[in-house]
Amino acid sequence: MGPSSATQRIRSVTERIYMSSPDVGVLEEQFVVDALRSGWVAPLGPHVDAFEAEVASRAGVGHAVALSSGTAALHLGLVTLGVGSGDIVLTSTMTFVATANAIMYTGAEPYFVDCDPVTGEMDPALLAQALAELSAAGEHVAAIVPVDLLGKCVDYTSIERIATEYGVPLLADAAESLGANHRGRAAGSFGRASILSFNGNKIMTTSGGGMLLTDDEAFASQVRYLSTQARQPAVHYEHTEIGFNYRMSNLLAALGRAQLSRLDEMIARRRLHRERYKALFADVPGVEIFGAADDQHDNFWLTAIVVDPTVAGWEPSDLGDWLGEEAIESRPLWKPMHMQPVFADHRAALNGSSEALFRTGLTLPSGSALTPDQVRRVDERIGKFLEARR
Ligand SMILES: *Cc1c(COP(=O)(O)O)cnc(C)c1O
């Protein structure tokens, strides 16, 4: 006898619904088993090379280096740009902590730049202002690290122009935006180099992993060299500088190749969640879909709403708590880095937008692995919440 239908029902009711859980199935299993059976279990192997070539081709860049995480890719990207102690790195305050942490690893000082009030992306005017002030004060800005927020590219047209004007290299944090584009140019193809993340909650995953993309062959080979303990080509391993152990393994690259082959399908599923939420909140006063005015170029990684409590009559946390009671995950938008205790002493160019978005935003379940039953549970729960407040 199998589990009773009552047991099944209990499980389906109490099963937690995450914002973005890994979407892996039979194809991923086949690829990983193939990698295991091929004997290429020691870190490097043919899947790493193939995965790099496939992602580079997808993003339209010449070179890719598969790494152990997006954070490692940021770190090595900065090191390869020559960023070190005494330098300033301008970055988005609206980001996940990894961006700022990687800057700290180099000994440089992160300087946070606020965002556009609607898209949450780095505000180019504020970036230009910060660069003008810092260069007037004779301070050295070694890099700019803009962050593509929740699957939408920053305004690279403006940011690249400003970076060029000041002669500062751009390292693009595209951890959240694989599959998105800016005016037809693919995420991951901007700046001197771009980085991707394949962490478990991202648009596609290798369970944990990342990549650095660049058109600059010398840049890519330097990153590859640093990621494998900076070994000089000698049988006895000659070392002339400090390296890192940041390379991606062949098993995980196999998983990544299966995921990449399904990327468009997974983006299409996430797009449907965006459409659903749009319909669900269409007639709700004071609620907007975050950044959706332009969602043509999005990869729909996460869908969030922005709530004006004075119009809606409720706070985003009211809905968050209500969903939480039914084991449905939701979360505020990233808490801006300049508000984080660990970065409180660092400078920032602020306009109030990121703080407002942190107060008013709520990210909703958006993963491509959500089942129809889970989607129904989320919709019903939100529907009840809105009904009670009509
Ligand atoms: C996830 C993420 C990272 C870090 O990637 P990991 O692979 O988790 O190290 C960096 N930047 C942003 C914006 C991210 O969302």
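Me: How many salt bridges does the rule find across the interface of domain 1 and domain 2?
Reply: Four salt bridges cross that interface, where a salt bridge is a side-chain nitrogen of Lys or Arg within 4 Å of a carboxyl oxygen of Asp or Glu. This is a predicted model, in which local features need pLDDT of at least 70 and side-chain atom pairs count only at pLDDT 80 or more, while totals for chains, interfaces and linings use all residues. Residues are numbered from 1 along each chain as its sequence is written, and side-chain values use heavy atoms, with hydrogens and water left out.

Me: Which residue does Lys152 pair with?
Reply: Lys152 forms a salt bridge with Asp298, with 2.5 Å between the closest N and O atoms.

Me: Where are the domain bounds?
Reply: Domain 1 is 26-261 and domain 2 is 263-388; the bounds come from an automatic or database domain assignment. Their C-alpha centres lie 26 Å apart. The contact (heavy atoms within 4.5 Å) takes 45 residues from domain 1 and 34 residues from domain 2.

Me: What area is buried between them?
Reply: About 3400 Å², with carbon and sulfur atoms giving 58% of it. Buried area here is the accessible area (1.4 Å probe) that two parts lose on being put together, summed over both. Phe112, Leu150 and Ile203 supply 22% of what domain 1 buries against domain 2, more than any other three residues.

Me: And how many residue pairs are in polar contact there?
Reply: The count is 25 residue pairs, both at pLDDT 80 or more. A polar contact is a pair of N or O atoms within 3.5 Å; within protein, one must be able to donate a hydrogen and the other to accept it, and residues adjacent in sequence count only if both atoms are side-chain atoms.

Me: Switching to the ligand: how many residues surround it?
Reply: 15 residues do, and the closest are Gly70, Thr71, Glu176, Ser197 and Lys202; a residue counts if one of its heavy atoms lies within 4 Å.

Me: What are the distances from ligand oxygen for Thr71 and Lys202?
Reply: An N or O atom in the Thr71 side chain is 2.5 Å from a ligand oxygen. For Lys202, a polar side-chain atom lies 3.2 Å from an oxygen atom of the ligand. Gly70 uses a polar backbone atom, 2.7 Å from a ligand oxygen.

Me: Back to salt bridges. What is the count by this rule?
Reply: The count comes to 19 salt bridges. One of them joins Asp216 and Arg192 (3.3 Å, N to O).
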